[in-house]
Amino acid sequence: MVRTKLQERGPALALAIGLLAVPGVPTVVNAWLPEREWETAESADAMTLTSVEGASVGIDAPDDWQVQNLGDQAILRGDGGAVFIQVYDLDGRDPGAVAKRLMRSNRVGDVHTTLDGGRIATADGSLSGDTCVALTDEATGSCAYLSDGDVMLSVIALGSSRESTPAIADVVAPFTREQS
Amino acid sequence: MTADLLDTPRDTSSRPAVVYRPESAVFWLYTVALLVGILHVLTHYGQAFHETFSAQLVLAPAWLALMAFLVWLMFVCDPFRSVRQYKQGLVAGSALGASTALAMALQGNTQLGEILARYLPPDVYADWSPALTAPFVEEAAKAMCAAVILVLCAPVFTRISHALLVGMFVGFGFDIAEDLTYATNEAIGSLDSDTSGAGGSLLVRALTAVPAHWAYTGLAAVGVLLLLPTFRNDVGWSRLRRVAVAVALFASASFMHFVWDGPVPNVWGKFAVNIAVFVTAVLVLLRYERRWVVDRIAATRDAPPLAEVDPAVLDSLPTGRRRRSLRTQARRTGGRSAKKAVAAQQRWALDRIASAEVCAHPG
């Protein structure tokens, strides 16, 4: 059997380098740069999440936790745990049905949540809803879907162990629905 | 009889292989890039595609209509039928755009976005991040995929019109695959239903499909071809001019994408700017294909196969207006069947001019 040499190896190599460089260069630069700065929450600090339609929810992170406010969502982390919060407009939708849609959306993102039959509310009573358990490949925790009829707040608290998982009741208690 | 059967048919021996060229390392690069791209996209979206499959099935007629419309529109940009003989190259380009280019863009956009997020305030980042990532990462990804096709199919894709259409089909594949990911995200994220989320997204993308990725990449791919040694430089452009025009075309593609993704101007302003840039560029680029067609007719009109064509038909080919005029004249004299016959002759002659059959009989 006669084996023939592949032709156009130079052009193929040049093209392969180009194909790898387009996603590769930003990936290498991003890995090389220092990590994005997180803000550290102080006792007096509170932040506001705003939904697409402008509804506001006040968020209070535990002291010395690090926070990132991304507008309609926020990430809090500290003591080995992390909390993911996002606010949605209900626009007359049934909160229970929306909670089911969010649970499905979370599942596609590999965060599995299941209602556990519990109820939860903020300390001022402005938001209330159902509690659930949350599970990912690397972490476990608890979660809640809170509403006041206008907005839906999804709160997922995760930790790598039971000790590091923030208690959902403590996380949610200081939240408040702000009237604009 | 046996000898007849063993003889290679004349048509196949005279036409070079377009995509399936296993003797070339570029063919294997194409294959690996395609498989890696498909795997990457499915790793990121496989579960979501599966979850929302029934909604996409409901929307299937709309998806098919959008694809058919875009394919028709892209062929409108090929009035000299330069690529009709090599559809496999266009399909290969679409497949690469829908998989490899999308995978490159998913990774590159995310990474560049994270870099920008370090330095831009959150509100500025939210407004500007699409315009500061996609026009560079996505255009580079699609241009690289167009380069793979132009090198793989170098024996046949050598002219500006070829690159324009190759780029359009790479961009088209990217466009449809990106639309699918957006529709899937919207379906998953919809608080109402998968169908309403995906349907809303598809509607918006369909209404804004002209001009979009297919148009941007068409221009960028011409830039790529100008930098390749396989460019059939009939017009005798210097190296400097080729580089300058290529840079202008890359800049035009990214500029159109930037305008579309930026927070300003308003949507009508975006349409106006992008259509002006795209139509101007295509009209200028197609002048070279027209010149090439005119030269080929002049050089080969007395030799087969063009010698078999009515001279009036050959004379009508350089412009759409002349072609329509001849068809109208045929309809007046011979009715609709005569008009159809002239149209068929025009297509046949253009296909012969565009293919190697005419090139094999230089005048």
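**Close-up views of chain B in a predicted model**

**View 1. Helix H5(B) passes helix H8(B) in a right-handed crossing.** A crossing counts as right-handed if the near helix is turned clockwise from the far one by less than a right angle, and as left-handed if anticlockwise. The model is a predicted one, in which local features need pLDDT of at least 70 and side-chain atom pairs count only at pLDDT 80 or more, while totals for chains, interfaces and linings use all residues. Residues are numbered from 1 along each chain as its sequence is written, chains are lettered from A in the order in which they are written, and side-chain values use heavy atoms, with hydrogens and water left out.

**View 2. Helix H5 (residues 60–76) of chain B packs with helix H8 (residues 160–189) of chain B at an angle of about 160°, their axes lying 11 Å apart.** H5(B) is therefore roughly antiparallel to H8(B), a term that applies to angles over 145 degrees. Helices here are DSSP runs (H or I, at least four residues), and their axes are lines fitted to C-alpha atoms over the stretch in contact, with angles running from 0 to 180 degrees between N-to-C directions.

**View 3. Aromatic residues B:Tyr20, B:Phe27 and B:Trp28 form one cluster.** Over all chains, the structure holds 12 aromatic pairs, where ring centres lie within 6.5 Å. One of them joins B:Tyr20 and B:Phe27, edge-to-face (planes over 60 degrees apart), at 5.3 Å centre to centre and with 85° between the planes.

Key: Helix = DSSP H or I, 4+ residues; strand = E, 2+ residues; numbered from the N terminus. Parallel < 35°, antiparallel > 145°, perpendicular 65-115°, else oblique. Phe/Tyr/Trp six-rings, centres within 6.5 Å; stacked < 30°, edge-to-face > 60°.
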